[in-house]
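Welcome! Take a moment to look over the chains, and then we will walk through some of their contacts together.

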Amino acid sequence: MKRAAQGLALLALATVPLWAGGSFYVNIMSQVLISAIFAAALDVLVGYAGLISLGHAGLFGVAAYGAAIALGAGIGHFGAIAIALVAALVVTAIFAVLALRTTGIGFIMITLALGQILWGLAYRWIDLTNGDNGLSAASRPAPFGLSLASADSFYFATLILFCIAIAAIAIFTRSPFGASLRGTRDQPRRMTALGYDVWAIRFFACLFSGFWSGVAGILFFYYNQFVSPHALALSASAEVLLMVIAGGSGTLLGPIVGAALVVAMKNVASAYIERWNFTLGAIFVLIVLFMPEGLVPGTARLLRRGSIALRRGAAPAENPR
Amino acid sequence: MNLWLILSVNSITLGGLLFLLSAGFSLIFGLMRIPNLTHGSFFMLGAYFGVSLVLWFHLDFWLAALIAAFLVAALGGVIERFVLRRLAGAEQAQVLVTLGLSFMIADLCLMEWSGDPISIDAPSALRGATPFFGIAFSTYRLAIIFIALVIAAGLWALLDRTRLGAMIRAGVDDPQMARVCGIRVAHLFTVVFCLGAGLAGFAGMIGAPILSVYPGLDADMLPLALVVVILGGTGSLLGSLLGSFVIGFLYNFGQALLPELAYFVLFLPMVLILVMRPQGLFGRRTL
Amino acid sequence: MAVKLGRRAFIAGAAATALPLPAIAQSAPIRIGLLTVKTGPLAEGGIQMEEGILTFLKEKNNVLAGRKVDFISADTGGSPAGAKTKAQELIERDKVDVILGPLAAFELLAISEYIEQQKTPLLSLAAAEDMTQRKPNPYFIRASATSAQAMHPLADYARKELKFNTVVTIVEDFAFGYEQMGGFQRVFEDEGGRVVKKLWPPLTAADYTPFIAQFGDVDGIVQGFAGSNPVKFMKQYADMGMKKPVIGGETAGDDALLKSFGDEAIGMINACPYTMDLANDSNRRFVANFTKDYGNIPGFYAAGLYINGMVVEAGLQKVGGTTGDKEAFVKALRSVSLTDTPRGPLHFDDHGNVVGNIYIRRIEKKDGKLVNRTIKTYEKVSQFWTYDEKWFLAQPVYSRDYPPLKS
């Protein structure tokens, strides 16, 4: 049943250019996938490690700027991408070393502060980043000679990376390492007593999360062919965090659904609803009131209840969650 | 020499305003462990209510400030009772809902008051300047120091000398035991959230003659509140007070002497403190 | 209060009157898209932009050069990525013939290459200098001003009429700020003055006191704050008991902002491409209609969009109403020359930037309200001021460190 649903979803995604209704919507789908990769990467920390980060846009932005600056220095696309990923990993390592000194609200605040520092650097280090005028890319990379200039071709490249990213994150979280990561989330002291190096587990999870955030950042840069300090703003970090929580942290599908929700509201619904910002806030509040664990787990819970009720014909016992 | 004097005095006055802003956040987080990301919105809403009462209804400044505080406190109570109460311990849901509420409040303010900034004068008794070592300082700004100290003393008296305060302190130290002792913690939470929100609303109105009121005020003030509370230590009134003044000094001297670092002159020290002492300067609990 | 127009409702209304009859090709509506910001801190200017163009379209009964107008407004949210997405929406989904906006320079820079690729003419108020200088875009037309266009004459006025010898400049720490003050400094120092200090508070600074405290003893203060910051700045400046005269750029004394100031703004001299007290027919009409519909007085943003509408109409008339040939349409737009607009006469230079009047105004109190009173008009001001164009373009763009301070 689940396999069939997944296969159907994949089929739908693979054929987007056929049914989306024009290049504008294909581009929206690309944005959804890029945000989904970013949200899934953040979810590794938020959902599986129990560490809420409010500075992830900094990592995303470092990769985007890394690619932009390398391109500007004359390095070709693939070199630029490599440099961007390395930069993202280095900065993530620094973030992690500083932020993992605490957990909980301390972690949130350090990541917020580090994100703000990176944002400030993007604004002020004009010689490097061109300040708020931003940096642009004249062209997109052409892997194996295939041009990514059109909306459709870029979408397919994004889709491939999206599948790889989600598969990697799925493997990561379902592995024994993933289990130990969840252990550090739920019972850090017990894990230490059992001999696990909690710090190292979290550190590695940060690197993994930072890497895929960087991938999303590079895609973002090539999609817009432009990057500016806005990409690292606090609002950007808050937005991706909201995607994760609204969709349902600790699940694979949750961040994807959350990303689709926010991107759709910002870019599509905003054409029809003038007060879309208010509506988005209201949706978040409603999600918390009725499905506080997130859209995906909440829907699953309702479906389960519904199917139990259908089978039993009577009201089921209260779900302890 | 003049510059140093001006910066020092302004540091203290800014510290006073920051204390008013962050005391509420510190209380809420200290007792309820809720990162109330709606706090900036409460500040802005209090400012909008207050200036509207003064400009449209011609109320006295102080009366308007109190009414504004009361209105925001009432809103806070509603939010706590109907939304936050069911989210005890669910940190992520609290983040989501407080951010969602801040979006809603910001957009409602935009709809109601439009995008134009609104400025008001200080209450007439406090207008003008007071000379101090040969330099004229804005009387109103000096008054803010006084207001902040009065509020701080009032809060301290509340926490240290009243039954309610004792219950709050018990709840901060150990909520489970507090419940066992018969303290109706849920009721307490609502009271504290109202108090925190009301303080923020009051602060917004007090700050309005200096900062004016405009869309985006909430986003400008929230990081400052966070920085003060984290630096000073959550749940500690003394920490908020001293943290506010530290941030006031960092802000003034940092901006003036290190313009290159102006964008992160507040965040760098915050990172350093958090890395070395995660519970903040005066916090009692490890975070 | 502002007339709130649901975007779809407007189109439905416009479309209902614009159903193309198959036999008559000319009655196909012309589609005009607006990229503006209606949420967040930039909303003040963004809402005014929309009100300005709506005032123009209403006056024309929604018909330009014999064609009905389909007007589509898009909210970019004030971010470059949002601007890109909404530009794509307008061009690829809504198939607009011309785009007005966006508001901010960073939004414009994010979409510049895209609109060039798509060959869609764009008229923006965004002031980024290089868009019409060192990195020109042939599809871009700017009827408002570059960042420095109003600051050059302001500097001249400060030297010649106000007789300032030394000034301090203060403006937000971003490109619009650098470009404004760079322009001021160049002209001011070329005429013998000296800029003693340049201060750049961060965009998010709540309190400008640490900067005001550094002003020192100069003849005047030059500020270029934008959005709601001029209100904050003037308040905080007065609070510190500072008495030196303050002069400002086009956003610092905007007519629409005047109602938010207190008496501390009286006496501030500012330079702007638009002034509400310009006494010509189109401005009288514009101000009257705008005030009637929206209850506020129009400022630079609203007037800018109204004027953009006039330019689009004039361009359309030149190509006989057909916008199929995009290159011809852009050429026509750039060759527009008008004499009766709310900002006075205007035409465009070879780079698509406007050549027009800059008004020096002083804020005064009249009938209990603050108003701008024009005290001098500089005519035919181009983006290059009196400098030779080739020389100007050979210099680096104005930035934080250029021109360097003479120490």
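Is Arg285(C) buried, partly exposed or exposed? Arg285(C) is partly exposed, because its relative accessible area is 36%. Keep in mind as you read that this is a predicted model.

- Over all chains, a search of the whole structure finds 32 salt bridges.
- Side chains of opposite charge can pair when their charged atoms come close.
- One of these pairs is Glu59(C) with Arg285(C), whose closest N and O atoms are 2.9 Å apart. Glu59(C) sits in helix α2 (residues 43–59) of chain C and Arg285(C) in helix α9 (residues 281–294) of chain C, so this pair ties together parts that are 226 residues apart in sequence.
- Glu59(C) is partly exposed, because its relative accessibility is 24%.
- Arg93(C) and Asp94(C) also meet through their side chains, in a salt bridge of 3.6 Å from N to O. Arg93(C) and Asp94(C) are buried.
- A network of salt bridges links Arg124(A), Glu260(B), Asp173(C) and Arg400(C).

**A closer look at Lys86(C)**

- You can find Lys86(C) in helix α3 (residues 80–93) of chain C.
- Is this lysine, Lys86(C), buried or exposed? Lys86(C) is buried, because its relative accessible area is 1%, and under 20% counts as buried.
- Lys86(C) forms a salt bridge with Glu89(C), with 3.3 Å between the closest N and O atoms. The two residues, Lys86(C) and Glu89(C), are three residues apart in helix α3 of chain C, so about one helical turn separates them. Both Lys86(C) and Glu89(C) are buried.
- The side chain of Lys86(C) also has a polar contact of 2.6 Å with the side chain of Ser270(A).
- Leaving out residues up to four places away in sequence, Lys86(C) touches residues of chain A, including Lys266(A), Asn267(A) and Ala271(A), and residues of chain C, including Leu35(C), Ala74(C) and Asp75(C).

- The size of an interface is often given as the accessible area lost when the parts come together.
- Chain B and chain A bury about 3600 Å² between them, with carbon and sulfur atoms giving 80% of it. In chain B, the residues that lose the most area to chain A are Gln92(B), Leu96(B) and Tyr263(B), together 20% of what that side buries.
- The contact joins 37 residues of chain B with 39 residues of chain A.
- There are two salt bridges between chain B and chain A. Asp107(B) forms a salt bridge with Arg275(A), and their closest N and O atoms are 3.2 Å apart.
- Seven residue pairs are in polar contact between chain B and chain A (both at pLDDT 80 or more). Which element gives the most to the side of chain B that touches chain A? The answer is α4(B), with 15 residues.
- By class, the side of chain B that touches chain A has 31 nonpolar, two polar and four charged residues.

**Where chain B meets chain C**

- About 2900 Å² is buried between chain B and chain C, and carbon and sulfur atoms give 54% of that area. In chain B, Asp116(B), Pro117(B) and Tyr263(B) lose the most area to chain C, together 19% of what that side buries.
- This contact takes 37 residues from chain B and 35 residues from chain C.
- How many salt bridges are counted between chain B and chain C? The count is four.
- Arg141(B) forms a salt bridge with Asp207(C), where the closest N and O atoms are 3.2 Å apart.
- Across the interface of chain B and chain C, 12 residue pairs are in polar contact (both at pLDDT 80 or more). On the side of chain B that touches chain C, α1(B) gives the most, with five residues.
- That side of chain B divides into 21 nonpolar, nine polar and seven charged residues.

**Buried residues and cysteines**

- His56(A) is found in helix α4 (residues 56–72) of chain A. His56(A) counts as buried because its relative accessibility is 3%.
- Beyond its neighbours within four places in sequence, His56(A) is in contact with residues including Phe38(A), Leu42(A) and Ser209(A).
- Cys206(A) counts as buried at 5% relative accessibility, and Cys272(C) counts as buried at 0%.
- Over all chains, a search of the whole structure finds zero disulfides.

How values were computed: Residues are numbered from 1 along each chain as its sequence is written. Chains are lettered from A and ligands numbered from 1 in the order in which they are written. This is a predicted model: local features need pLDDT of at least 70, side-chain atom pairs count only at pLDDT 80 or more; totals for chains, interfaces and linings use all residues. Side-chain values use heavy atoms; hydrogens and water are left out. A disulfide is a pair of cysteine sulfur atoms within 2.5 Å. Buried means under 20% relative accessible area, exposed over 50%, partly exposed in between (1.4 Å probe, protein chains only). Contact means heavy atoms within 4.5 Å. Buried area is the accessible area (1.4 Å probe) that two parts lose on being put together, summed over both. A polar contact is a pair of N or O atoms within 3.5 Å; within protein, one must be able to donate a hydrogen and the other to accept it, and residues adjacent in sequence count only if both atoms are side-chain atoms. Helices (H or I, at least four residues) and strands (E, at least two) are DSSP runs, numbered from the N terminus. Ala, Val, Leu, Ile, Met, Phe, Trp, Tyr, Cys and Pro count as nonpolar, Asp, Glu, Lys and Arg as charged, and the others, Gly among them, as polar.
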